[in-house]
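Please consult the sequence and the structure shown below.

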Amino acid sequence: MPLLNTSSHMPSFFFLTGFPGLEDLGILMSISFCLLYIFTVLGNSVMIYIIWTEKTLHGPMYFFLAMLALNDLAYSSCNVPKMLGIFWWNDGRIEASSCLTQMFFIHFLAVMESGILTAMAYDRYIAICSPLRYTSILTFVVLEKIAAAILVRAFVTIFPIPVLVSRLHYCGGDVVLHSYCDHMAVVNVACGDTRVNSIYGLVLSLSVSGFDLLFIGLSYTMILGAIFRLPSRTARHKAIGTCSAHFFVIIATYLPALFTFVSYRFGQKTIPHNVHIFIANIYILFPAFLNPIIYGVKTKQIRDCVLKKLQVNQRPI
């Protein structure tokens with residue numbers, strides 16, 4: 001992030017504390033997070049490979065699944081390696097410019113994740129409510145425009161955050177009570193007036209999440225209405241099965257995010273800080289770990305392609 005001014009107001013380095021108060025569980029937690037991260041990388045890489053190599057999966061739904069898998073790979077990789085460095089080598093030191101870069105990408109990818117889930121809800125709405133027009137509505141050009149809109153929205157809304165943080169004064173404070181450079185965790189280190197940062201973060205969280213959840217809710221309301229109008233019970237079960245995986249992913253993504261938002265804004269005196277940090281990391285890593293499992297199990301086409309690949313690889317030479 002070369003445009004940010006980190007010379008006069010900020011310390012040269014910040015020190016991330018990791019999980020204060022949970023040092024006795026450091027080995028167990030580090031192994032658990034490491035295994036989760038390994039399975040996250042493997043699962044999402046397999047998902048991308050299967051969708052990329054199988055021409056039968058080159059459709060709108062799988063386009064968004066590939067976007068989600070790629071975003072989850074980047075999202076978890078922004079956080080976990082540094083967190084493991086804190087656990088294993090007590091290396092919480094991070095340059096100010098690196099901290100701002102990590103802050104940008106973590107929040108940028110969070111907004112991307114929300115946008116992709118919203119696009120997937122729209123995809124399911126078209127597939128169930130207008131199945132005969134599905135491929136004519138969601139053409140490749142339209143998919144490109146949706147992907148570009150998700151990317152541009154994330155960049156435009158998140159870029160001001162590290163810019164605003166870089167202009168704060170820190171008065172010698174450099175200890176960030178977190179395992180990564182979360183926006184509000186770094187803002188809380190600053191001295192002086194931080195109202196602009198707090199208000200912008202609040203408005204951004206409410207507007208982005210509020211819009212996306214409203215759109216997803218409206219989409220699923222119309223989807224459920226269309227499902228219950230289907231004459232066949234088999235068709236209703238099939239449609240519900242198609243949407244259930246996406247609905248579970250939405251819950252797994254937004255519920256920890258909502259807890260993190262509420263606890264930072266209103267529950268700092270009642271919720272232990274290490275619990276907040278733990279949930280903030282689960283919010284990033286757990287959905288990224290679950291998504292390939294959920295879609296791999298619930299999506300028959302992906303499951304069949306994986307089994308076919310495994311059978312081909314097991315044939316004797």
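Which handedness does the disulfide of Cys99 and Cys181 have? In this predicted model, the torsion about its S-S bond is about -120 degrees, so the disulfide is left-handed. Cys99 belongs to helix α4 (residues 96-129), while Cys181 sits in the loop between β3 (175-176) and α8 (183-187), so the bond ties together parts that are 82 residues apart in sequence. Both Cys99 and Cys181 are buried.

The count of disulfides is two. The other pair listed here is Cys171 with Cys191, and this link is right-handed, with 70 degrees about the S-S bond. Cys171 is found in the loop between α7 (160-166) and β3, and Cys191 in the loop between α8 and α9 (195-228), so the pair ties together parts that are 20 residues apart in sequence. Cys171 counts as exposed, at 65% relative accessibility, whereas Cys191 counts as partly exposed, at 23%.

| Disulfide | S to S distance |
|---|---|
| Cys99 and Cys181 | 2.0 Å |
| Cys171 and Cys191 | 1.8 Å |

When the bonded cysteines are numbered in sequence order, the pairing reads 1-3, 2-4.

Two further cysteines require comment. For Cys34, the closest cysteine sulfur is that of Cys78, at 17 Å, too far for a bond; Cys34 counts as buried, at 17% relative accessibility. For Cys78, the closest cysteine sulfur is in Cys181, and the 11 Å between them is likewise too far for a bond. The cut-off applied to a disulfide is a pair of sulfur atoms within 2.5 Å.

Technical notes:
Residues numbered from 1 in each chain as written. Predicted model: local features only at pLDDT ≥ 70, side-chain atom pairs only at ≥ 80, totals over all residues. Heavy atoms only, no water. Helix = DSSP H or I, 4+ residues; strand = E, 2+ residues; numbered from the N terminus. Buried < 20%, exposed > 50% of the residue type's maximum accessible area, 1.4 Å probe, protein only.
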